[in-house]
Amino acid sequence: MDITILGIESSCDDTSAAVLRGRTLLSNVIASQEVHRKYGGVIPELASRAHQQNIIPVVDTAIKEAGISRSEIDGIAFTRGPGLLGSLMVGVSFAKGLSQALNVPMMEVNHLQGHISSHFIDLPDRTLPHPQFPFLCLLVSGGHTQIVLVKDYAQMEILGTTIDDAAGEAFDKCAKVMGLPYPGGPVIDRLAKEGNPKRFKFAKPSVDGLDYSFSGLKTSFLYFLRDQMAENPQFIEENQADLCASLQSTIIDTLMIKLVKAAKSYDITDIAIAGGVSANSGLRNAITEEGHRRGWNTFLPEFKFTTDNAAMIAITGYFKYQRGEFAPMDIVPVARVNQL
Ligand code: KG4
Ligand code: ZN
């Protein structure tokens, strides 16, 4: 029988647990932390406390929803990093305790590899399309923006990365400037649907190679709004949809230019996206259209696998289990990771 893996994710502000049998997802429970909303961003100390409160009920529910008993778990996968240290610590410590109690091995997972590996999960009622190796993955989240060359389940090479802010951060920070709630990405996505993406022009960064930069866009957006508001205090309110649409299309164009460049220089036609920003409808359309034009096979993750979830941690742990790569008991979380 296929092995059963419990996955645990606690790197930022979502506490999540998932159960996989083989590659098939049996359950994926996510407790999002509402506590940060009123501060307009994640407060690390509050995040760790909420993880501490959530982790037992979330794991319990994931096991129940999967319809398994604890004794059926063959291994425990947990996020080691990158992320908020206090938050990671909750997941890592919990995984250690449970692994001792159940006498099963544990597998440490790089959160970013997790996002990419979400493309290998299957659902109980259908097989999802899986990209062929080697493929490129545009990994776009709140903390990271990278073009990754995925050679197999374990070997992933970062070809380009942001030199400052991440794409999700650009969405979130610009939303905040417009007075929109956190996280701003989904809100901008929704408002942009009603707006004209060509109405306002914002500077696109020019960075060498396959790297990205988003901090200049944030600054120019801020100055633009400040100047406009000085003349018309209602400017943001009156132009909200056009501002969102124009900003979103600038971010997407910036992402696409380097992705196309990478696909050409590595001569790769299987192209995937992953991470929270891969939920963006404009980006999903842009990848699909570019794919039609260039003959790419494009892979868009299911919405539930775009933002942080433990299913992606479980699948990455599943491959590690098969390779016999287990984590020692004295493992500690890491806030930053430079390689995949
Ligand atoms: O992957 P994720 O859940 O957490 C990190 O690992 O960072 O990504 C969260 C990010 C946030 O910046 C959020 O605004 C963004 O993903 N996001 C979106 C959308 N949904 C989530 N950005 C644009 N459009 C969306 N629909
Ligand atoms: Zn993430």
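User: Where does proline 82 lie?

Analyst: Proline 82 is in the loop between strand S4 (75–81) and helix H2 (85–102), where helices (H or I, at least four residues) and strands (E, at least two) are DSSP runs numbered from the N terminus. This is a predicted model, in which local features need pLDDT of at least 70 and side-chain atom pairs count only at pLDDT 80 or more, while totals for chains, interfaces and linings use all residues. Residues are numbered from 1 along each chain as its sequence is written, chains are lettered from A and ligands numbered from 1 in the order in which they are written, and side-chain values use heavy atoms, with hydrogens and water left out.

User: Which peptide bond at proline 82 is cis?

Analyst: The cis bond runs from glycine 81 to proline 82, with omega near -5 degrees. Another cis peptide bond joins tyrosine 182 and proline 183, with omega about -5 degrees, and proline 183 is found in the loop between H4 and H5.

User: What makes the pair between asparagine 280 and ligand 1 a polar contact?

Analyst: A polar contact is a pair of N or O atoms within 3.5 Å (within protein, one must be able to donate a hydrogen and the other to accept it, and residues adjacent in sequence count only if both atoms are side-chain atoms). A polar side-chain atom of asparagine 280 lies 3.0 Å from a nitrogen atom of ligand 1, so the pair meets that limit. An oxygen atom of ligand 1 is also 3.1 Å from a polar backbone atom of glycine 185.

User: How many residues surround ligand 1, and what kinds are they?

Analyst: There are 18 residues around ligand 1, with Gly142, Asp172, Asp189, Gly276 and Asn280 the closest, and a residue is counted if one of its heavy atoms lies within 4 Å. The shell divides into five nonpolar, 10 polar and three charged residues, where Ala, Val, Leu, Ile, Met, Phe, Trp, Tyr, Cys and Pro count as nonpolar, Asp, Glu, Lys and Arg as charged, and the others, Gly among them, as polar.

User: Why is ligand 1 said to lie between domain 1 and domain 2?

Analyst: Domain 1 (4–127 + 308–339) and domain 2 (135–301) both give residues to the shell around ligand 1, and therefore ligand 1 lies between them; the domain bounds come from an automatic or database domain assignment.
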